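Please view the sequence and the structure together while reading.

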Amino acid sequence: MKAAIVRETPDGYVDLVDNWEPKPLAFGEALVDMEYVGLCHTDLHVASGDFGNPNEIGQRNGNFRRVVGHEGVGRVSKLAEGASDYLKIGDRVSVAWFYDACGVCDFCVSGNETFCRKVRNSGYTVDGAMSQQVVVNAQYAVKVPDGLDPVEATSITCAGVTMYKSLKVGETKPGQWVSVHGAGGLGNLAVQYAHNVFGAHVAVIDGNDDKLAAAKANGAEVLINRKKVADVAEEVQKATGGAHTAQVTAVNAAAFNQAVNSLRPMGKLVAVALPQGDMALNIAKTVLDGIEVRGSLVGTRADLKEAFQFGAEGKVKPIVEKVNFNDMNEVIDEMKAGSITGRKVFDFTTL
Ligand SMILES: [Zn+2]
Ligand SMILES: [Zn+2]
């Protein structure tokens, strides 16, 4: 069957093959016939070997090549022994970056399973979603609710749940101000969840007027083009009285500094994007204003279930476009060039 695998020497692209076979099902596992899989920046990092060579990490054998992808949705077609307690044939489930975890450590039993030291990640330490059939751990494959478009669901599997979770980490409350620094794929969903689910007011900072216009259409009330103002933080302070929570989704260190300075006293900065290097943190502001800084990483199964449900209720609508599996390397080039609005989602139903 068809699959997209990391190149022997990872170079940021994938090899599209016809002869790939999933591993035989083990106890508690299910086979999923994939329908739609989105491409994410994290896939590019994996395919480039930025996190180590994925062909040499995790479970493997012989001339092993890792299947990429972690924004997948498909239907269960086969259940191994032990899997039918959790899934049934025909269930629509997701294949997310958080593949599974040990289930018994302090993090797993306290609702923080994504921080388990034995966590496995789809398309990185286990084979991912970019193949016609995918093996999942039935206890960890989150069901996609009826009423949620499966193409849109692929984006909630990653970007959507990431922002839903980070708004939780920021303890966002109705009527508060959230500043969203970066209005790309993550930022757009941050605006929707903040405004439509958490009932917050939203200020958005980006350097691209089209992305700001999309944020406005999704409910953002304050729009700041960072290239057109002298001091981003001052503008946020003027318009909002200081944000209660700043969500940093932009992949540049300057955004982190602007976000800290955009906060009101006792404000919380939530770091989501992963630029290289360190963030500067003004010690006086942090101490005198009681600033908190937190990191947030994807979401648990419970977070994803909730994030999906808000999508099914129409409160959140990712920007998605279906594309052909055979064009994956061209889409990778477009992603590298930053020319994609929302997500391109590979259609496995027509293969
Ligand atoms: Zn992703
Ligand atoms: Zn664990």
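Two strands are taken to pair if DSSP finds at least two bridges between them. On that basis strand β9 (residues 177-181) pairs with strand β12 (residues 243-248): four bridges join them, and the two strands run parallel. The model is a predicted one.

**Domains**
- The domain assignment divides the protein chain into domain 1 (3-155 + 317-347) and domain 2 (171-295).
- Between the C-alpha centres of domain 1 and domain 2 there is a distance of 30 Å.

**The parallel sheet**
- Within the pairing of β9 and β12, Val-178 has Thr-245 of β12 as its bridge partner.

**Helices on the sheet**

**Helix α3 against helix α4**
- Helix α3 (residues 150-169) packs with helix α4 (residues 185-197) at an angle of about 55°, and their axes are 9 Å apart.
- The two helices are therefore oblique to each other, and α3 passes α4 in a right-handed crossing.
- On the α3 side the contact is made by Ser-155, Ile-156, Ala-159, Gly-160, Thr-162, Met-163, Tyr-164 and Leu-167. On the α4 side it is made by Gly-185, Leu-186, Leu-189, Ala-190, Tyr-193, Ala-194 and Val-197.
- Sorted by class, this contact of α3 with α4 holds eleven nonpolar, four polar and no charged residues.

**Helix α3 against helix α9**
- The axis of α3 comes within 9 Å of that of helix α9 (residues 301-312), and the two cross at roughly 110°.
- This angle makes α3 roughly perpendicular to α9, and the crossing of the pair is right-handed.
- From α3, the contact draws on Ala-153, Ile-156, Thr-157, Val-161, Tyr-164, Lys-165 and Lys-168. From α9, the contact draws on Asp-303, Leu-304, Glu-306, Ala-307, Phe-308, Phe-310 and Gly-311.
- By class, the contact of α3 with α9 comprises eight nonpolar, two polar and four charged residues.
- Ile-156 and Tyr-164 of α3 are among the residues that contact α4, and Ile-156 and Tyr-164 are also among those that contact α9.

**Helix α6 against helix α7**
- Helix α6 (residues 232-240) and α7 have axes that come within 8 Å and cross at roughly 30°.
- That angle makes α6 roughly parallel to α7, and α6 passes α7 in a right-handed crossing.
- Val-232, Ala-233, Val-236 and Gln-237 of α6 meet Gln-258, Asn-261 and Ser-262 of α7.
- The residues in the contact of α6 with α7 comprise three nonpolar, four polar and no charged.

Methods
Residues numbered from 1 in each chain as written. Chains lettered and ligands numbered in written order. Predicted model: local features only at pLDDT ≥ 70, side-chain atom pairs only at ≥ 80, totals over all residues. Heavy atoms only, no water. Axes fitted to C-alpha atoms, helices over the stretch in contact; angles between N-to-C directions. Parallel < 35°, antiparallel > 145°, perpendicular 65-115°, else oblique. Left-handed = near helix turned anticlockwise from the far one by under 90°. Contact = heavy atoms within 4.5 Å. Nonpolar A, V, L, I, M, F, W, Y, C, P; charged D, E, K, R; others polar. Domains from an automatic or database assignment.
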